[in-house]
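User: Could you walk me through this structure, one question at a time?

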Amino acid sequence: MKKYSQTLIFFLYILPLMCISQIKEMGKLRLNEIQVIGSHNSYKIAIEKPLWNYLFQQDYMMARSLQYEHLTLTEQLELGLRNLELDVFHDPKGGYYKYPAGLEIVKASGKKPLPFDVANKLDEPGLKVFHVQDIDFRSHQLLFKDALKELLVWSGEHPEHIPIIITLNTKDGKISRLRDPLTFDADALIQLDLEIRDVLSEEKLITPDLVRGNSTSLEKAILGRGWPRLEKVRGRFLFVLDEGDEKGNLYLQKFPELKNAVLFLNKQEGSPEAAFRIINDPVANFEKIRALVEKGNLVRTRADAGTFEARENDYSRFEKAKSSGAQIITTDYYMPSTLFESNFKVDFGEGVYERVGN
């Protein structure tokens with residue numbers, strides 16, 4: 001009885017708190033049987049103070065929601081995060097986003113803007129990475145390709161890492177008084193695949209084809225055979241298009257049934273391509289997330305949003321996210337904010353960001 005009790009305590013209390021990379025048996029787990037913490041808008045550098053003050057005067061709620069920042073992608077991975085989010089803008093000719101209006105706003109305030117794009121990266125054709133055109137434009141990697149290259153370097157130095165899941169927002173929303181972004185059309189969606197494959201080899205990717213295998217659809221594969229075991233996909237990256245059906249269907253026009261595709265889609269259950277769901281509110285959608293996880297889907301949710309939880313030191317959303325079983329939980333606060341007073345910090349305890357799932 002004593003031996004049984006010790007084993008039960010290990011599996012119920014100790015194992016879930018252990019870092020996955022420290023447990024030899026983790027290779028036998030499948031990708032959907034772990035839980036990781038990642039970052040939201042992972043590339044983001046804080047808006048400089050004079051510009052943020054201006055935005056606060058214009059719309060204080062909006063300005064407060066933008067008041068966060070992140071470590072470099074490498075530093076986040078070193079810390080233990082295994083999910084990243086990149087916002088991507090279409091810029092096939094280059095130069096479209098080169099002169100953000102925010103720089104002129106800072107000058108008009110009598111201040112000198114901080115250095116920006118000194119290497120002229122925005123002149124280069126290709127996909128760009130930042131948050132909001134003209135006002136929240138500072139990024140650790142302005143080029144999508146450069147972000148991928150940074151990830152590849154880190155992966156090469158840590159070849160046994162558990163898979164890193166990267167969600168992609170394709171930004172083309174129009175905002176009053178800001179320049180209109182270029183439409184993220186079907187050609188731009190293809191460019192995502194091209195730039196990813198230009199940097200990452202097939203051996204570094206978890207693709208829909210890999211997961212589908214011999215099954216007739218991706219959904220049947222994950223509901224039947226399940227996701228790959230960790231031991232088979234260590235050192236790889238999995239990319240997800242964090243968009244609705246409009247852009248998802250455009251992508252499917254280019255990659256029917258996701259054959260030869262890099263990206264997974266945020267498709268509802270019952271679709272042949274359903275495997276990965278993005279459900280941002282774990283409170284309102286708690287039971288839905290639990291049901292999806294139970295069936296075998298991967299789900300990403302959020303521990304906080306808009307800086308609200310951090311300002312109130314409110315962990316209720318994070319607790320719901322954890323207990324929902326969602327495998328990916330994103331936050332802006334894997335470290336406490338340095339931009340306003342708060343002790344809010346999201347991890348699984350003692351600086352752990354990955355564990356066995358619920």
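User: Leaving aside its neighbours within four places in sequence, which residues is serine 39 in contact with?
Analyst: This is a predicted model, in which local features need pLDDT of at least 70 and side-chain atom pairs 80 or more, while totals for chains, interfaces and linings use all residues. Residues are numbered from 1 along each chain as its sequence is written, and side-chain values use heavy atoms, without hydrogens or water. With contact meaning heavy atoms within 4.5 Å, the partners of serine 39 are His70, Gln76, Leu81, Asn83, Leu84, Glu85, Thr330, Thr331 and Tyr334.

User: Is serine 39 buried or exposed?
Analyst: Serine 39 sits in strand E1, residues 34-39 (a DSSP run of at least two residues). Its relative accessible area is 0%, so with buried set at under 20% and exposed at over 50%, serine 39 is buried.

User: At what distance does the side chain of serine 39 make a polar contact with glutamine 76?
Analyst: A polar contact pairs N or O atoms within 3.5 Å, one able to donate a hydrogen and the other to accept it. The side chain of serine 39 has such a contact with that of serine 42 at 2.6 Å. With the side chain of glutamine 76, the value is 2.5 Å.

User: How are helices H12 and H14 oriented to each other?
Analyst: The axes of H12 (residues 286-295) and H14 (residues 316-324) come within 9 Å and cross at roughly 25 degrees. Angles under 35 degrees count as roughly parallel; H12 and H14 are therefore roughly parallel.

User: Which H14 residues meet H12?
Analyst: From H12, Phe286, Ile289, Arg290 and Val293 take part. Their partners in H14 are Lys320, Ser323 and Ser324.

Note on methods. Axes fitted to C-alpha atoms, helices over the stretch in contact; angles between N-to-C directions. Helix = DSSP H or I, 4+ residues; strand = E, 2+ residues; numbered from the N terminus. Parallel < 35°, antiparallel > 145°, perpendicular 65-115°, else oblique. Buried < 20%, exposed > 50% of the residue type's maximum accessible area, 1.4 Å probe, protein only.
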